[in-house]
Amino acid sequence: MAGGDSERSEPLIEAEVGEEGANSGGGQWWKKALVLETEETKKQVLFSLPMILTNGSYYLITLISVMFAGHLGQLHLAGATLANSWATVTGYALMIGLSGALETLCGQGFGAKSFRMLGIHLQASCITSLLFSIIVSLLWFYTEPLLIFLRQDTQIAQTAALYMKFLIPSIFASGFIQNILRFLQTQSVVKPLVLFSAIPLVIHVGITYCLVHLTPLGFKGAPLAVSITLWLSFFMLAAYVMFAKEFERTWQGFTVESFCYIFTNLKLALPSAAMVCLEYWAFEILVFLAGLMTNSEVTTSLIAIWFGSHVNTEAIAYNITYGLSAAASTRVSNELGAGRPDRAKSAMLVTLKLCGLLAIIIVLALGFGHNIWAGCFSDSSTIIKSFASMTPLLAISIILDSFQGVLSGVARGCGWQHIAVYVNLAAFYFVGMTVASLLAFKFNLHVKGLWIGLICGLSCQGGTLLFITLRTKWTKLQLSENREKEDPIFA
């Protein structure tokens with residue numbers, strides 16, 4: 001057990017190398033600083049890569065089902081695509097956001113060596129996710145009237161509603177999975193996550209094929225396969241946490257004490273969920289506004305290509321930066337929990353440098369290959385030419401989205417979710433959407449105006465988060481194991 005614990009905590013809570021010798025050999029201080037930064041960079045890269053692969057695998061699980069459903073016909077493709085988008089913005093994004101409370105509670109708790117509390121916070125977060133999953137499942141059950149109310153095509157709305165009903169079991173599994181992922185992430189246990197997401201992904205292909213093509217379920221088999229696969233993944237992760245020796249200190253079994261910490265969890269989970277959902281919803285509103293334009297067919301196709309970039313190019317860009325965001329959140333929360341705010345800030349600077357480098361690489365690839373990439377979505381020369389003219393705007397948005405992702409991770413690690421939610425609300429809706437609407441409709445810039453508005457929102461968001469990060473005192477939450485002091489109080 002001792003060996004496992006040291007191995008697990010090594011990337012996050014390491015002895016402060018060279019601090020005793022910092023005063024000696026004053027002329028060599030820069031070499032020691034370089035060594036520390038190199039080590040920090042190596043740790044964050046090794047931490048981020050498994051998180052990138054894990055997130056990619058879970059994303060592909062839902063995408064593969066949409067692909068199988070799409071091969072059954074155009075209506076099935078439209079219904080499955082709409083359902084998948086609806087499920088993401090109303091359910092899966094919410095579960096990701098709710099789990100963000102554990103990035104603060106478990107991250108700082110692990111840094112402070114309050115190991116027993118990690119398991120208690122995990123259980124409290126799972127209870128919270130369960131309650132919200134019940135609410136989401138009711139929303140999903142009545143998908144058809146809601147989509148028709150939002151002026152979606154009746155046939156497509158009916159097909160999407162059918163797809164959603166068989167996705168309902170998946171929302172419960174998704175909430176539990178996200179909580180366990182954060183529980184493991186905050187302890188720097190990330191390599192096994194690749195295995196526990198890749199195995200279900202491979203199995204999912206077989207399950208989906210069998211249910212869609214070898215059973216009478218047909219179209220309904222695609223969403224049912226998602227539910228089965230996510231529950232399978234959850235049971236694998238749960239068994240790992242419950243029976244692996246390396247979690248003997250952080251998981252000590254189920255306890256009713258976790259109910260005492262539900263309110264503690266909610267105080268961070270609700271603003272964390274709002275942070276995520278506000279950003280997801282902003283992108284969906286962008287598509288809606290594009291559909292209101294005169295040449296909406298071409299315009300919506302352009303937006304679809306951009307969202308293809310957001311979930312494909314940006315499934316590379318976003319997942320890479322999300323891996324770095326997770327690294328920033330974990331490093332910052334662990335170091336703050338251990339009472340080392342200076343090292344937390346140093347870790348953040350390293351993450352920002354990595355983020356900038358990776359964003360530039362992705363943007364260069366997009367700049368030289370934008371015609372090839374656009375051709376993957378449409379054979380129309382008009383759309384490909386229009387997309388080429390908007391590539392610079394896409395490049396800017398990717399860079400800004402990358403940096404704000406890291407800064408959002410820092411906010412979660414510090415427990416600033418309640419501040420960040422107001423930043424996202426003001427940036428995307430008061431600034432971004434206002435500018436987008438004015439430029440697109442008042443000044444007739446059309447889809448370019450929407451993009452410029454989005455860039456303004458991202459700039460405002462990133463700039464404000466950076467200002468908060470630089471000007472706010474970095475202190476850990478006062479996390480007590482006593483029930484009388486169950487609520488986190490900001491130092």
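This is a predicted model: local features need pLDDT of at least 70, side-chain atom pairs count only at pLDDT 80 or more; totals for chains, interfaces and linings use all residues.
Reader: Hi! How do helices H3 and H7 pack, at what angle and how far apart?

Author: Hello! H3 covers residues 74–98 and H7 covers residues 154–185; they pack at an angle of about 30°, and their axes are 8 Å apart.

Reader: Okay, so are they roughly parallel or roughly antiparallel?

Author: Roughly parallel, because angles under 35 degrees count that way. The crossing of H3 and H7 is right-handed.

Reader: And which classes of residues make up that contact?

Author: The contact of H3 with H7 has 16 nonpolar residues, along with nine polar and one charged.

Reader: New topic: how many aromatic pairs are there in the whole structure?

Author: The search finds 14 of them. One is Phe110 with Phe115, an edge-to-face pair at 5.5 Å centre to centre, with 65° between the planes.

Reader: Nice! Are Phe110 and Phe115 buried or exposed?

Author: Both Phe110 and Phe115 are buried. Another edge-to-face pair is Phe176 with Trp231, at 6.2 Å centre to centre and 70° between the planes.

Reader: Where in the chain do Phe176 and Trp231 sit?

Author: Phe176 is in helix H7 and Trp231 is in helix H9, 55 residues apart, so this pair links distant parts of the chain.

Reader: Why does Phe176 count as buried?

Author: Because its relative accessibility is 14%, and buried means under 20%. Trp231, at 25%, is partly exposed.

Reader: Last one: what sits over the ring of Phe115?

Author: The charged end of Arg249, 4.1 Å from the ring centre. Elsewhere, Lys165 lies over the face of Phe141, at 5.1 Å from the ring centre.

Technical notes
Residues are numbered from 1 along each chain as its sequence is written. Side-chain values use heavy atoms; hydrogens and water are left out. Axes are lines fitted to C-alpha atoms, for helices over the stretch in contact, and angles run from 0 to 180 degrees between N-to-C directions. Helices (H or I, at least four residues) and strands (E, at least two) are DSSP runs, numbered from the N terminus. Angles under 35 degrees count as roughly parallel, over 145 as roughly antiparallel, 65 to 115 as roughly perpendicular and the rest as oblique. A crossing is left-handed if the near helix is turned anticlockwise from the far one by less than a right angle, and right-handed if clockwise. Ala, Val, Leu, Ile, Met, Phe, Trp, Tyr, Cys and Pro count as nonpolar, Asp, Glu, Lys and Arg as charged, and the others, Gly among them, as polar. Rings of Phe, Tyr and Trp (its six-membered ring) pair if their centres lie within 6.5 Å; planes under 30 degrees apart count as stacked, over 60 as edge-to-face and the rest as tilted. Buried means under 20% relative accessible area, exposed over 50%, partly exposed in between (1.4 Å probe, protein chains only). A charge sits over a ring if NZ of Lys or CZ of Arg is within 6 Å of the ring centre and within 35 degrees of the ring normal.
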